[in-house]
Amino acid sequence: DEFRKFLSNRFGNLGRAWHAIEANGDGRITYMEFCAALRRMGYTGANNLRCGWDRQSYRDIRQLWAALDSDCSGSITLDEIDPVGYRLLCQFKLLCESHYGGLREALRCLDPDRNGQISLQELTAGLQKHSKKLWTVNNCKVLFQRLNPEGRKFLCETDVDFLRSLQIQDPEKELRAFLAQYRLAMTQ
């Protein structure tokens, strides 16, 4: 989709874009927040070729909003902007809460040298102990990017704090998928 491509090009990945647009930390973007963010980014609508906003820009933005707000809730959530990142973050959150007792506790356990910094390699090694099928190198890289919008070479405990407000749309479905992956890993 053209808008997601614009965001990826502008911010490097959809996770960074989400953090830039969803600035107040409530896990949702209202239409007013959306329009303000688009103006800050210089996005003017389909093809993004116009200088400034005109009537067509407003029509394009309304159409884009309608397409992104797929559940017509009046706000956009991460799953509507970045479905892949959302799913990985949900799986990670469920793993942290069910296996480690919490988000920060999980990062402490995934930090083998106990220096308070978790590299991509450390994250991948720790998660692959649970499921190599779910936590492929690529999935771990995407997760690392979504947890680390500043693009640092490591994660720290505060990087997972925003996950507390992550709304898992269908917790039972996500938990079943997570447990199925986890059980599969335990039999391998």
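Trainee: What is the overall make-up of the chain in terms of helices and strands?

Mentor: In this predicted model, the secondary structure comes to ten helices and two strands, and along the sequence these follow the pattern α-α-β-α-α-β-α-α-α-α-α-α. Buried residues account for 43% of the 188 residues, and of the contacts between residues at least 6 apart in sequence, 59% join residues at least 24 apart.

Trainee: Which residues of H8 and H9 meet, and what classes do they belong to?

Mentor: On the H8 side there are Leu120, Leu123, Thr124, Leu127 and Gln128, and they meet Val137, Cys140, Lys141, Leu143 and Phe144 of H9. Sorted by class, this contact has seven nonpolar, two polar and one charged residues.

Trainee: What makes Leu68 a buried residue?

Mentor: The cut-off for buried is under 20% relative accessible area, and Leu68 has 4% relative accessibility, so Leu68 counts as buried. Leu68 lies in helix H4, residues 55–68, and, leaving aside neighbours within four places in sequence, Leu68 is in contact with Phe3, Arg4, Phe34, Ile76, Glu80 and Ile81. The C-alpha atoms of Leu68 and Asp79, which are eleven residues apart along the chain, are separated by 9.7 Å.

Trainee: How do you know that Cys96 is too far from the closest cysteine sulfur for a bond?

Mentor: A disulfide is a covalent bond between the sulfur atoms of two cysteines. To be counted as one, the sulfur atoms must lie within 2.5 Å, but the closest cysteine sulfur to that of Cys96 is in Cys109, at 9.6 Å, and therefore too far for a bond. A search of the whole structure likewise finds zero disulfides.

Trainee: Are Cys90 and Cys96 buried or exposed, and how do you know?

Mentor: Buried requires under 20% relative accessible area; Cys90 has 0% relative accessibility and so counts as buried, and Cys96, also at 0%, therefore counts as buried.

Notes: Residues are numbered from 1 along each chain as its sequence is written. This is a predicted model: local features need pLDDT of at least 70, side-chain atom pairs count only at pLDDT 80 or more; totals for chains, interfaces and linings use all residues. Side-chain values use heavy atoms; hydrogens and water are left out. Contact means heavy atoms within 4.5 Å. Helices (H or I, at least four residues) and strands (E, at least two) are DSSP runs, numbered from the N terminus. Ala, Val, Leu, Ile, Met, Phe, Trp, Tyr, Cys and Pro count as nonpolar, Asp, Glu, Lys and Arg as charged, and the others, Gly among them, as polar. Buried means under 20% relative accessible area, exposed over 50%, partly exposed in between (1.4 Å probe, protein chains only).
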